[in-house]
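Please look over the sequence and the model before reading on.

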Amino acid sequence: ILPAIGRMKMKDVREPHLQRILNDEKGRSFSHVSKLRMVIRSMFSRALSAGIINRDPSANLILPKTTKGTHRSLTERERAAVLAVANSGAHKSGLLFKFLLYSGLRPGEVIALQWKDIDFSACTVTISGNLCYTPQKGVYLDTLKSGKVRTIDVAPEIIGLLRELRLEQSREAISPFVFTQSNSPEPMHPQSPARYMQKLSAKCGVPDLHPHKLRHTFASIAITNGADVASVSEKLGHSDKAITLRMYTHADQESIRRASQIFRDALKNSNQA
């Protein structure tokens with residue numbers, strides 16, 4: 001928004017200026033473009049209420065054609081290829097990848113984790129913050145998008161790797177944060193997970209690998225294999241189950257066949273009862 005209209009007075013902004021901002025995002029996800037429109041409309045609605053402008057140029061903005069919020073998750077072959085490379089690399093970056101894939105957490109939530117948030121005996125992690133970065137504010141710890149602190153279970157394998165990481169970190173620089181910068185107690189930069197995924201993508205030959213694709217993969221695998229949407233939504237930290245369904249479920253041939261088989265098995269069992 002700022003590069004497009006940041007130097008303009010709000011009273012001089014017209015609908016075409018704002019529509020162009022949305023049109024430039026054509027092809028991005030439905031969620032992304034919807035949020036962008038929501039921010040724009042909020043800005044000008046407040047300006048109208050405050051008497052800064054006498055008409056709202058954002059009232060009739062149209063969403064351009066988008067990907068409708070469905071995201072292709074990693075296939076079984078892609079998961080195997082990426083895990084093989086992740087396991088052969090640096091311990092910290094490999095653990096970061098597995099943590100994102102196995103938990104479905106947002107990257108900012110993972111790198112905001114502190115050691116006090118981890119219960120090693122119960123194999124649980126408490127998610128209470130989101131580490132963010134903007135050029136204006138730098139790196140800062142923000143509240144969760146849902147505003148609700150949640151505790152999730154994690155695989156014993158991940159807990160074991162976290163124990164190793166804690167020992168490794170104690171030899172370098174003690175920090176309250178789990179994922180830190182090299183030889184520093186400072187938390188990992190919020191842009192680092194995406195950069196790591198780009199390098200991993202090139203090494204394993206899986207295109208367009210980014211942290212959110214791991215989140216989509218977690219949700220898709222869980223839901224298509226029988227997990228209830230409410231539980232998946234809670235683990236992902238969504239404020240509404242509809243978000244989980246709209247953004248992450250998709251029907252491939254395997255899940256369609258599985259759905260048909262579940263129906264046939266249920267019908268067969270009811271007839272035998």
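## Terms and basis

A residue counts as buried when its relative accessible area is under 20%, as exposed when that area is over 50%, and as partly exposed in between, with a 1.4 Å probe and protein chains only. The model is a predicted one, in which local features need pLDDT of at least 70 and side-chain atom pairs count only at pLDDT 80 or more, whereas totals for chains, interfaces and linings use all residues. Residues are numbered from 1 along each chain as its sequence is written, and side-chain values use heavy atoms, with hydrogens and water left out.

## The chain as a whole

The chain holds 12 helices and 5 strands, these being DSSP runs numbered from the N terminus (helices H or I, at least four residues; strands E, at least two). Of its 273 residues, 41% count as buried. Where contacts (heavy atoms within 4.5 Å) link residues at least 6 apart in sequence, 60% of them join residues at least 24 apart.

A search of the whole structure for cavities of 30 Å³ or more finds 1, and the volume of the largest cavity is about 30 Å³. A cavity here is a set of points, on a 1 Å grid over the protein atoms alone, where a 1.4 Å probe fits but cannot get out, and lining residues have an atom within 4 Å of a point; grid points are joined across faces, edges and corners, and the volume is the space filled by probe spheres set on the points.

The largest cavity is lined by Lys-92, Leu-165, Glu-168, Gln-169, Glu-172, Val-178 and Thr-180, and helix H7 (residues 156–170) gives the most to this lining, with 3 residues. Thr-180 itself lies in the loop between H7 and helix H8 (192–204). Thr-180 counts as buried because its relative accessible area is 5%. Beyond its neighbours within four places in sequence, Thr-180 is in contact with residues including Lys-92 and Gln-169, together with Ser-175, Pro-185 and Met-188.

## The three-stranded sheet

An open sheet is formed by 3 strands in the order S1-S2-S5, with antiparallel pairing. Its edge strands are S1 (118–119) and S5 (150–153), each of which pairs on one side only; two strands pair if DSSP finds at least two bridges between them. S1 and S2 (residues 124–127) run antiparallel and are joined by 2 bridges, and Asp-119 stands opposite Thr-124 in S2.

Technical notes. 1 Å grid on protein atoms, 1.4 Å probe; cavity = no way out; pocket = protein on both sides within 12 Å on 5 of 7 lines; lining within 4 Å.
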